Every structure is written in structure tokens, then in C-alpha cells.
Amino acid sequence: MNLKEARDIIKDKLPETERLAQFAEKCAELAKAALKLRRVIAGDIPTTVRYVIWKECGDALCCAQILLSHEEFQEVFDIAVSKTMRWAECLQERDKENETE
């Protein structure tokens, strides 16, 4: 079975409402994992859960690729790249403003 076949099976077996609910659930789990990892990095909790965030990110991306067409998924990736570039630019601008103060 290839990825397209797997996507088609999932789309055939689950209504869009259920696929959206699954996506929302996975996004919430990803958010929770990110907050927990932040607490680990800050030293607030004495455990390592780094692998959890990667698993949850994979789960959310899995659901996203089921909800979106190949073209839409590529557009989302392009948006993410653009936002990453803009984020970096904003941070550089902030640093320049701090240097002039």
C-alpha cells in the first residue's frame, strides 16, 4: 500500500467531521507536549520528554495530510516556510532596535 492508497482508505472510512476531530485532538496533544518540554528545558520538571513532541508533531502532520489535498499540504508547507522567514526577520529587527537604544 502506498501513501495515496492509505489516505483514500482513511477518507473512505472516516467522515470529515471525525477527521477534523482527530486533527484537533492531535494538535491539542502537540500543544501540551510543547508546554511540557518547555518546562523540562526550564528545569521545572526533572524528566526528559523530548521524544514526545516529535511523536505528537508527527501525529498532527499525519492528520493534516489526510485533511488536505497534496496541493493544499504543499501550500501549508510553503506558508510555514514564509512564516519562518518572517519570524527570523522580526527577531533581527528587534535586535537592531535593542542595539540602538
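Predicted model: local features only at pLDDT ≥ 70, side-chain atom pairs only at ≥ 80, totals over all residues.

Modeller: Residues are numbered from 1 along each chain as its sequence is written, and side-chain values use heavy atoms, with hydrogens and water left out.

Biologist: What makes up the secondary structure of the chain?

Modeller: The chain has four helices and zero strands, and along the sequence the pattern reads α-α-α-α. Helices (H or I, at least four residues) and strands (E, at least two) are DSSP runs, numbered from the N terminus.

Biologist: Why does arginine 7 count as buried?

Modeller: Its relative accessibility is 14%, so arginine 7 counts as buried. Arginine 7 belongs to helix H1 (residues 3-13) and touches Gln65, Ile66, Leu68, Ser69 and His70, not counting residues up to four places away in sequence.

Biologist: Why is alanine 24 placed in its accessibility class?

Modeller: Alanine 24 has a relative accessible area of 46%, and is therefore partly exposed. Alanine 24 lies in helix H2, and its C-alpha atom is separated by 8.3 Å from that of alanine 60, 36 residues apart along the chain.

Biologist: What makes a group of residues a nonpolar core, and which residues form the largest one?

Modeller: A nonpolar core is a set of buried Ala, Val, Leu, Ile, Met, Phe, Trp, Tyr and Cys residues joined through side-chain atoms within 4.5 Å. The largest consists of five residues: Ala33, Leu37, Val40, Ile45 and Ile53. H2 contributes the largest share of this core, three residues. Isoleucine 53 touches Leu30, Ala33, Ala34 and Leu37, again not counting residues up to four places away in sequence.

Biologist: How do you know that a space is a pocket and not a cavity?

Modeller: On a 1 Å grid over the protein atoms alone, a cavity is a set of points where a 1.4 Å probe fits but cannot get out, whereas a pocket is an open set with protein on both sides within 12 Å along at least five of seven lines; lining residues have an atom within 4 Å of a point. The largest pocket holds about 420 Å³ of space. Its lining has 13 residues, and Leu30, Cys57, Leu61, Val76 and Ala80 are the closest to its centre. H4 gives the most to this lining, with five residues.

Biologist: How does the radius of gyration of the chain stand against the rule for a compact globule?

Modeller: The radius is taken over C-alpha atoms, and the rule is 2.2 Å times the number of residues to the power 0.38. A compact globule of 101 residues would have a value near 13 Å, but the chain has 18 Å.

Methods: Points joined across faces, edges and corners; volume = space filled by probe spheres on them. Buried < 20%, exposed > 50% of the residue type's maximum accessible area, 1.4 Å probe, protein only. Contact = heavy atoms within 4.5 Å.
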